[in-house]
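Work through the exercises below with the sequence and the structure at hand. Each task is followed by a solution in steps.

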Amino acid sequence: MKAIAYNVLECEKRHLAEANSKVHDLTLISNELNQSTIHYSVGKEAVVISDRDVLDEKMLFELYKIGVRYITSRSHTVLHIDLLKAEALKLHIARVSDSNSTAEIAEHTIANLTQWTLQGCSSSICPCHSSNYKR
């Protein structure tokens, strides 16, 4: 899967790269996802975000327009994502489990991408897992 990870901290880079093991075409950048950086997502199927990246209705629609269909957050919550708009656009949304370890968060993030490539949902908040998003 072609994906880009936004807002990657220096301490996360090694863990994400190791968890990925060159399975996915994954680009890691330290920039936050916003209107000025969304162009980095062109040609990607998925974006990986942090809780510092706010995906409101407008941002979700812009991601949808450029072909992004999968969004996984490296956070335990999805309060920074407009889930109603995501559901309307049929975007697949996932988050990580309640782990505090940077390595475990990276592993779960990559597992979410891998699960989608296997045509399955990776989280209870993904619309193909349930018609109702859960926070």
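**Exercise 1.** Find what share of the contacts between residues at least 6 apart in sequence joins residues at least 24 apart.

*Solution.* In this predicted model, the share is 59% for the protein chain. Next, list the elements: the chain has 4 helices and 5 strands. Read from the N terminus, their order is β-α-β-β-α-β-α-β-α.

**Exercise 2.** Explain how E10 and K13 are placed in helix α1, and classify each by accessibility.

*Solution.* Helix α1 covers residues 10–20, and because E10 and K13 are 3 residues apart in it, about one helical turn separates them. Their side chains form a salt bridge, with N to O at 3.3 Å. E10 has 62% relative accessibility, so it is exposed. K13, at 30%, is partly exposed.

**Exercise 3.** Determine which parts of the chain the salt bridge between K85 and E57 ties together.

*Solution.* The N to O distance between the two side chains is 3.9 Å, and the cut-off is 4 Å, so the pair qualifies. K85 belongs to helix α3 (residues 83–88) and E57 to helix α2 (residues 57–65), so the bridge links parts 28 residues apart in sequence. E57 has a relative accessible area of 46% and is therefore partly exposed. By the same rule, the count comes to 5 salt bridges.

Conventions: Residues are numbered from 1 along each chain as its sequence is written. This is a predicted model: local features need pLDDT of at least 70, side-chain atom pairs count only at pLDDT 80 or more; totals for chains, interfaces and linings use all residues. Side-chain values use heavy atoms; hydrogens and water are left out. Helices (H or I, at least four residues) and strands (E, at least two) are DSSP runs, numbered from the N terminus. Contact means heavy atoms within 4.5 Å. Buried means under 20% relative accessible area, exposed over 50%, partly exposed in between (1.4 Å probe, protein chains only).
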